[in-house]
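The following exercises are to be worked from the sequence and the three-dimensional model. Each task is followed by a stepwise solution.

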Amino acid sequence: MAELKSICVYCGSNAGTDSEYRDAAEKLGRAMAAADIRLVYGGGAVGLMGIIARTVMANGGKVTGIIPQFLKDREVMLREVTELQVTADMHERKRSMFEQSDAFVALPGGIGTLEEVVEMMTWAQLDQHKKPILIANINGFWDTLIALFQRMTDDGFLHKAFLGNHVDLPVHFCDTVEAIVPTLKKAVAGVPRPALEAAPPAGV
């Protein structure tokens with residue numbers, strides 16, 4: 001039975017206009033630190049990315065930031081993280097984030113957040129990994145995306161057994177921050193540790 005040791009969190013490089021998003025990042029950061037779960041994230045110093053990273057560290061937790069060289073050159077990275085990795089490009093960044101994470105969470109964010117979590121979902125749907133993925137639907141932020149997933153399912157483009165909150169399914173949904181860590185702990189416990197440590201799909 002595998003133990004949840006790290007979570008990759010995708011989230012906005014802006015804080016958003018709703019204070020609940022900021023609160024969610026802080027709550028998740030505190031929960032991860034309390035559970036001794038390392039944060040793996042995009043290395044940014046601003047927005048929800050900066051908030052969750054600083055919260056994890058402020059509460060005694062560990063943070064791995066992974067940032068591509070061109071963003072490092074813009075000086076938006078958080079230098080104080082436990083471990084900072086600079087990659088050649090976005091593809092190497094995503095591969096490294098995958099390799100170092102046991103599970104993935106999408107907090108509110110923009111196009112980059114959406115792209116990253118959907119890519120993880122695509123790999124899972126193609127049976128390229130077994131790591132659980134969780135959509136944190138804070139204040140209904142992802143409602144329209146979830147509705148789109150349902151339309152995809154209803155119209156025969158998405159397998160019915162792919163989405164849901166059953167422990168054996170790869171994609172999970174939570175409306176509250178408090179449910180994120182417990183949900184992922186249960187999901188990871190059902191995945192053998194070698195599967196969590198498997199290499200990402202070839203060519204990624």
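**Exercise 1. Salt bridges**

How many salt bridges does a search of the whole structure find? Describe where the partners of individual pairs lie.

Solution. The model is a predicted one.

Step 1. The search of the whole structure returns six salt bridges.

Step 2. One of the pairs joins glutamate 178 to lysine 27, with an N to O distance of 3.9 Å. Glutamate 178 belongs to the loop between strand 7 and helix 7, and lysine 27 to helix 1, so this pair ties together parts 151 residues apart in sequence. Glutamate 178 is exposed at 53% relative accessibility, while lysine 27 is partly exposed at 38%.

Step 3. Arginine 38 pairs with glutamate 83, and their closest N and O atoms are 3.9 Å apart. Because arginine 38 lies in strand 2 and glutamate 83 in strand 4, the pair ties together parts 45 residues apart in sequence. Arginine 38 is partly exposed, with 24% relative accessibility; glutamate 83 is also partly exposed, with 32%.

Step 4. Glutamate 99 and arginine 95 form a salt bridge whose closest N and O atoms are 3.5 Å apart. Both residues lie in helix 4, four residues apart, which is about one turn of the helix.

Step 5. Lys94, Glu115 and Glu119 are linked in a network of salt bridges.

**Exercise 2. Cysteines**

Solution. 

Step 1. A disulfide is a covalent bond between the sulfur atoms of two cysteines. The criterion applied is a pair of cysteine sulfur atoms within 2.5 Å.

Step 2. For cysteine 8, the closest cysteine sulfur is that of cysteine 11, at 9.3 Å, which is too far for a bond. Cysteine 8 is buried, with a relative accessible area of 0%.

Step 3. For cysteine 174, the closest cysteine sulfur is again in cysteine 11, at 16 Å, too far for a bond. Cysteine 174 is buried as well, at 5% relative accessible area.

Step 4. The search of the whole structure accordingly finds zero disulfides.

**Exercise 3. Helix 5 and what follows**

Which residues of helix 5 are buried, and what covers them?

Solution. 

Step 1. Helix 5 spans residues 111-125, and its 15 residues reach 21 Å from the first C-alpha to the last, close to the 21 Å expected.

Step 2. Its buried residues are Thr113, Glu116, Val117, Glu119, Met120, Met121, Trp123 and Ala124.

Step 3. The cover over these residues includes strand 1, helix 4, strand 5, strand 6, helix 6 and strand 7.

Step 4. Most residues other than glycine have a negative phi. Aspartate 127, which follows helix 5, is not a glycine but has a positive phi of about 60°. Aspartate 127 sits in the loop between helix 5 and strand 6 and is exposed, at 61% relative accessible area.

Step 5. Asparagine 139 likewise has a positive phi, of about 55°, without being a glycine. Its place is the loop between strand 6 and helix 6, where asparagine 139 is partly exposed at 44%.

**Exercise 4. A surface patch**

Which residues form a nonpolar patch on the surface?

Solution. 

Step 1. The patch consists of Leu148, Met152 and Phe157, which together have about 320 Å² of accessible area.

Step 2. Leucine 148 is located in helix 6, residues 143-154, and counts as partly exposed at 42% relative accessibility.

Definitions and conventions: Residues are numbered from 1 along each chain as its sequence is written. This is a predicted model: local features need pLDDT of at least 70, side-chain atom pairs count only at pLDDT 80 or more; totals for chains, interfaces and linings use all residues. Side-chain values use heavy atoms; hydrogens and water are left out. Patches are made of residues with over 30% relative accessible area and no salt bridge: like charges are joined within 9 Å, nonpolar side chains (Val, Leu, Ile, Met, Phe, Trp, Tyr) within 5 Å. Accessible areas come from the Shrake-Rupley method with a 1.4 Å probe; for residues, only the protein chains shown count as cover. A salt bridge is a side-chain nitrogen of Lys or Arg within 4 Å of a carboxyl oxygen of Asp or Glu. Helices (H or I, at least four residues) and strands (E, at least two) are DSSP runs, numbered from the N terminus. Buried means under 20% relative accessible area, exposed over 50%, partly exposed in between (1.4 Å probe, protein chains only). The expected span of a helix is 1.5 Å times one less than its number of residues. Contact means heavy atoms within 4.5 Å.
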